[in-house]
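Here is a short briefing for a first look at this structure. Start with the view below, then read on by topic.

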Amino acid sequence: MIFVKSEDLKYGMRLAKPIYNKSGVLLYERNTRLTLQGIESVKNFGLLGLYILEPAEPVPPMTEEDLDFERFQTMAVFSIRQELDNIIAGKNPANLGRLVNAIAVNYGRLDHKITFTQNLRSTTDYIYKHVINTAILCALISAQLNYSPSEQEELITAALLHDIGKLLLPGRVREKYDDYDTNDLIIVKKFQSDGLGLIRPEIGIESGVRRIVAQIHKMEYGDSRDDADKILKSAKVLKVANLFDTMTSMKLSEESTSEIAAIKYLILNKDEFDETIVGALIKSINILTPGVCIELTNHEKGLVISENKENVLRPVILGFSTNKIYDLSNNGVYRRFQIVDIMKTMDNRIKVDKERLLEYMNKR
């Protein structure tokens with residue numbers, strides 16, 4: 001799978017991902033071949049480009065839940081854009097509660113992991129896509145932490161509003177995404193403070209939401225070490241969700257961090273990120289599941305054939321070049337071999353026959 005800019009799209013190219021409109025209506029299926037009319041439509045949508053299948057590449061596996069996730073993301077981005085723009089204009093965000101409820105219903109009550117798919121972001125839509133994904137992650141994590149419905153809605157609302165100040169940034173700073181230097185951070189801190197001032201009870205935003213947003217700003221741009229015991233649990237959840245999405249987001253300007261590298265970072269920095277919250281994140285999303293391609297510390301590339309539900313970093317791997325099994329749950333094996341990273345591709349999953357994998361594992 002490759003990303004092709006809109007101006008470079010050619011007749012006959014096959015779509016790797018479906019395209020939806022703002023109402024969630026499917027416009028183009030995966031594996032659809034582009035027509036000249038379709039290319040013109042893509043340009044009219046204002047899309048940077050499309051994910052395209054290479055000539056001999058099979059369609060990557062996507063479940064109905066995966067497709068629903070991408071559809072929901074598309075619809076939610078259109079919704080939050082309108083609500084945040086309304087708040088900046090001093091208007092009441094009339095449909096914000098409806099969006100919060102939709103996120104809670106779809107992702108705040110699940111009893112299983114989901115595949116957390118990232119889509120490409122531009123300077124014009126980065127913030128909108130970021131806050132939607134962060135809110136979804138907060139919903140997933142809070143479900144694992146047994147939040148009450150009211151606590152969950154407050155957290156999701158805070159996630160949707162926490163970066164509103166960045167919409168006010170000068171273009172030259174906003175174009176840097178989150179790669180700010182010292183001078184940029186002074187500017188960002190100022191505008192984030194202005195954004196916090198927009199979150200007011202007068203437009204229907206509860207004070208608890210404002211408090212969570214204020215605390216996440218203090219943790220990001222200030223010094224909260226002296227009153228760490230006063231930091232709200234929801235602010236800590238938002239901090240984990242915010243960083244995970246920031247690290248793994250896909251941008252044209254730079255390569256994203258893989259999910260496993262982001263998880264490793266969160267685990268290693270125990271003083272900064274709450275272990276229970278990071279554990280809840282790991283229990284919420286698919287990371288090293290059967291079919292994922294990885295690279296080991298001995299430079300061998302391999303395939304995950306069995307997930308480790310007790311420790312996500314220690315699954316069973318089948319080496320490509322040696323056909324050797326690496327059971328990383330075995331301490332002796334793990335001392336010699338670890339996963340360096342997920343292989344850097346647009347979609348690291350390949351089609352695998354689950355029944356064949358089970359049969360293979362049982363014969364070991």
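At roughly what angle do the axes of helix α8 and helix α9 cross? They cross at roughly 55 degrees and come within 9 Å. This is a predicted model, in which local features need pLDDT of at least 70, side-chain atom pairs count only at pLDDT 80 or more, and totals for chains, interfaces and linings use all residues. Residues are numbered from 1 along each chain as its sequence is written, and side-chain values use heavy atoms, with hydrogens and water left out.

**Helix pair**

- Helix α8 covers residues 207-221, and helix α9 covers residues 233-248. Helices are DSSP runs of H or I with at least four residues, strands are runs of E with at least two, and both are numbered from the N terminus.
- Axes are lines fitted to C-alpha atoms, for helices over the stretch in contact, and angles run from 0 to 180 degrees between N-to-C directions.
- The α8 and α9 axes cross at roughly 55 degrees. That makes α8 oblique to α9 (under 35 degrees is roughly parallel, over 145 roughly antiparallel, 65 to 115 roughly perpendicular, and the rest oblique).
- From α8, the contact (heavy atoms within 4.5 Å) uses I212, Q215, I216, M219 and E220. From α9 come S234, A235, K236, L238, K239 and N242.

**Five-stranded sheet**

- An open sheet of 5 strands runs in the order β11-β10-β9-β8-β12, with antiparallel pairing. Two strands pair if DSSP finds at least two bridges between them.
- β11 (325-327) and β12 (339-342) are the edge strands, each pairing on one side only.
- From one strand to the next, the twist averages 40 degrees.
- Strands β8 (residues 293-296) and β9 (residues 301-306) are antiparallel, with 3 bridges. C293 stands opposite L303 in β9.

**Three-stranded sheet**

- Another open sheet has 3 strands, ordered β1-β5-β2, with antiparallel pairing.
- β1 (2-5) and β2 (14-15) each have a single partner strand, so one side of each lacks a neighbour in the sheet.
- β1 and β5 (residues 49-53) are joined by 4 bridges. F3 has Y51 in β5 as its bridge partner.

**Aromatic pairs**

- The whole structure holds 6 aromatic pairs.
- One of them joins F69 and Y107: the ring centres are 5.6 Å apart and the planes lie at 85 degrees, so the pair is edge-to-face.
- Rings of Phe, Tyr and Trp (its six-membered ring) pair if their centres lie within 6.5 Å; planes under 30 degrees apart are stacked, over 60 edge-to-face, and the rest tilted.
- F69 lies in helix α2 (residues 64-88) and Y107 in helix α3 (residues 96-107), 38 residues apart.
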